[in-house]
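Welcome, and thanks for opening the viewer. Keep the selection tool at hand, and we will walk through a few stops together.

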Amino acid sequence: MEDAKVLIIQGSASDDPYMEGTMKVLDEYEVPYRRIIASAHRSPDFVTEIASSAHQKGIQVIIAAAGFAAHLAGVIAAHTCLPVIGVPLDSSPLKGQDALYAMVMMPKGVPVATMTIGKAGATNAAHFALRILALHDMKLAVALSAYRKKTQETIRNSQPEEV
Ligand code: RP5
């Protein structure tokens, strides 16, 4: 974990397809990250251990993704002062609404920055982590600014008729 700035914690190996979007964005911006599989319910001691030691290992942001009754992000936030970004996954019969409520409805004082349900949320978690890191990383801030400019130009240039 030494060089990693972002720690991705996912509830299960079955969440891999969601996390590909997260890793793709971090890779594009060359931000080092570490990925761990840990469950708030199935491996609670491991989650506590990872969350409590993340800051001293140089981690600056934690992304926590889980489905079903997803307490992962909240439990992590309870064990660290680092910013925690939660991604509710639509892996359950309730299509992620269960995970969304579990993550977004945190009691005061223990925040989880909760993203959109599913793959879009997993990608946005990486973008949000970049924005946090960019506060103290000028190179990253410039790269994010260029990304915004490019997105705007792409839309302006793809009009069906002259505007
Ligand atoms: C959650 O339960 C995981 O994050 C995953 O989305 C879901 C199903 O996990 P598995 O039963 O496939 O391990 O804890």
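**Stop one: the ligand**

Select Asp15 and the ligand: an N or O atom in the Asp15 side chain is 2.6 Å from an oxygen atom of the ligand. Bear in mind as you look around that this is a predicted model.

How much of the ligand does the protein bury? Taken alone the ligand exposes 360 Å², and the protein buries 74% of that.

Now widen the selection to the residues around the ligand: Gly11, Ser12, Ser14, Asp15, Arg42, Ala66, Gly67, Phe68 and Ser91. If you display pockets, the space taken by the ligand is the largest pocket.

**Stop two: the salt bridges**

Side chains of opposite charge can pair when their charged atoms come close. With a cut-off of 4 Å between the side-chain nitrogen and the carboxyl oxygen, the count comes to 4 salt bridges. We will visit some of them.

Start with Arg35 and Asp16, whose side chains meet in a salt bridge at 2.8 Å, N to O. Arg35 lies in strand β2 (residues 33-37) and Asp16 in helix α1 (residues 16-28), so this pair ties together parts that are 19 residues apart in sequence. Arg35 counts as partly exposed because its relative accessibility is 34%, and Asp16, at 28%, is likewise partly exposed.

What separates the two along the helix? Glu28 and Lys24 are 4 residues apart in helix α1, which means a separation of about one helical turn. Colour by accessibility and Glu28 comes out as exposed at 52%, while Lys24 is exposed with a relative accessible area of 54%.

Finally, select Lys5 and Asp137, a salt bridge whose closest N and O atoms are 4.0 Å apart. Which parts of the chain does this pair link? Lys5 is in the segment before β1 (6-10), and Asp137 is in the loop between α5 (119-134) and α6 (138-156), 132 residues apart. Lys5 counts as partly exposed at 30% relative accessibility, and Asp137 counts as partly exposed at 23%.

Definitions and conventions
Residues numbered from 1 in each chain as written. Predicted model: local features only at pLDDT ≥ 70, side-chain atom pairs only at ≥ 80, totals over all residues. Heavy atoms only, no water. Buried < 20%, exposed > 50% of the residue type's maximum accessible area, 1.4 Å probe, protein only. Near = heavy atom within 4 Å. Polar contact = N/O pair within 3.5 Å; in protein donor to acceptor, adjacent residues only side chain to side chain. Areas by Shrake-Rupley, 256 points an atom, 1.4 Å probe, with all protein chains shown as cover. 1 Å grid on protein atoms, 1.4 Å probe; cavity = no way out; pocket = protein on both sides within 12 Å on 5 of 7 lines; lining within 4 Å. Sits in = over half its atoms within 2 Å of the grid points.
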